Amino acid sequence: MWLRKHLNCSLLTVENLIARQHSSLAAGARSQFQKMKAVPRRLLVKLIQERMQEEDCVSQGWILDGIPETREQALMIQTLGITPRHVILLSAPDTVLIERNMGKRIDPQTGEIYHTTFDWPPESEIQNRLIVPTGISEPETAQKLLEYHRNIIRVLPSYPRVLKVISADQPCVDVFYQALTYVQTKHRSNAPFTPRVLLCGPVGSGKSLQAALLAQKYSLVNVCCGQLLTEAVADESRYGEVIRPYFEKEMTVPDSVIANVLSQRLSKQDCVQKGWVLHGFPRDRDQAHLLHSLGHQPNRVFFLNVPLDSVIERLTLRRTDPVTGERYHLLYKPPPTMEIQARLRQNPKDAEERVKLKMSLFYRSSAELEEFYKQAITLNGDQDPYTVFEYIESGLIHPLPSEVL
């Protein structure tokens, strides 16, 4: 809580995500939580994505508290391109945690949480009405800690370069200042040179996931063209005011505007010092020339090649449960019951005709784009994403070509 107030950013927890009143996803999550005492992981990740697209998160930043709880959640979050710059693990002996948890008390009138040892209210009136919350007995707490330890050892490898462990078995003020000092540091890139990576590929080829993995491992700046335009509108910047009418009318933003927004971002100190991974632009030779003319030349370019049939299979078979927000795939993750299957809906953008049109537009201009980036590496994107990442990583750390693009 102190960290959020000091950094003036948004705090995201399971509780406040499902409590949002103007979100149909949150309403479905509340229903699931009442029945199962948990939120399905895909629905939770969808809630996170929806919340992070709101103006305060885009412009001021965010803190995820207690999320992800499992490796599956961590991978889903990374797949969406959500990569925290700092990850903090608060660690303390189980005996200390059990003692702290058993001392919790709740004021039923205000919802405030107190502690019998560390934060006891001075007012006798409040003392007399405090109650013991459910689920904090020693056996229950020990069981929760056992499950936590099983999961956390699988979550931490997802954040190898940005993780810091801080002992929570010390005064709160000391924990806060150690955490604050860490989140105010800027990571150096772990790559052997300053990478400027461009990922090209059709819709559904996995560019966002690969960009997130590269940014995570090598501390690169993840520059998603679409997200950058959204942030410009949210910030009400000079370019944002130009872009807004195109967004409102669902029209294509002019190349010159996109290029200027990109140039402004790629010229910032973090991109210059740490390097960047760009995806979503350029999509054709003219855009590539425009980017080059502004002085931003990638020194690594990867084309993710995925057959039309595979992209259609990946995208057109995706379905969403409108009741829970849970996402399914009719082939890879079919719904568990006929009742759920009957109510599934398809996003209009996943319709086969629209997917084929996007694929056609990409491959119509991809030959010229590959000709422009002559030293680009073409990879088979139709395989396990972590196998694809290994190939990209191999191309990234290979010695620089004699002629830098």
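## Exercises on helix packing and a buried strand residue

The axes of helix H12 (residues 225–234) and helix H13 (residues 238–248) cross at roughly 110 degrees and come within 8 Å. The structure is a predicted model, in which local features need pLDDT of at least 70, side-chain atom pairs count only at pLDDT 80 or more, and totals for chains, interfaces and linings use all residues. Residues are numbered from 1 along each chain as its sequence is written, and side-chain values use heavy atoms, with hydrogens and water left out.

**Exercise 1.** Classify the packing of H12 and H13 and list the residues in contact.

*Solution.* Step 1: axes are lines fitted to C-alpha atoms, for helices over the stretch in contact, and angles run from 0 to 180 degrees between N-to-C directions. Helices (H or I, at least four residues) and strands (E, at least two) are DSSP runs, numbered from the N terminus.

Step 1: angles under 35 degrees count as roughly parallel, over 145 as roughly antiparallel, 65 to 115 as roughly perpendicular and the rest as oblique. The angle therefore makes H12 roughly perpendicular to H13.

Step 2: contact means heavy atoms within 4.5 Å. On the H12 side the residues are Leu229, Thr230, Ala232 and Val233, and they meet Gly240, Ile243, Arg244 and Phe247 in H13.

Step 3: sorted by class, this contact has five nonpolar, two polar and one charged residues. Here Ala, Val, Leu, Ile, Met, Phe, Trp, Tyr, Cys and Pro count as nonpolar, Asp, Glu, Lys and Arg as charged, and the others, Gly among them, as polar.

**Exercise 2.** Describe the surroundings of Val221.

*Solution.* Step 1: Val221 lies in strand E8 (residues 221–224). With a relative accessible area of 9%, Val221 is buried.

Step 1: not counting residues up to four places away in sequence, Val221 touches Arg265, Asp270, Cys271, Lys274, Gly275, Trp276 and Val277.

Conventions:
Buried < 20%, exposed > 50% of the residue type's maximum accessible area, 1.4 Å probe, protein only.
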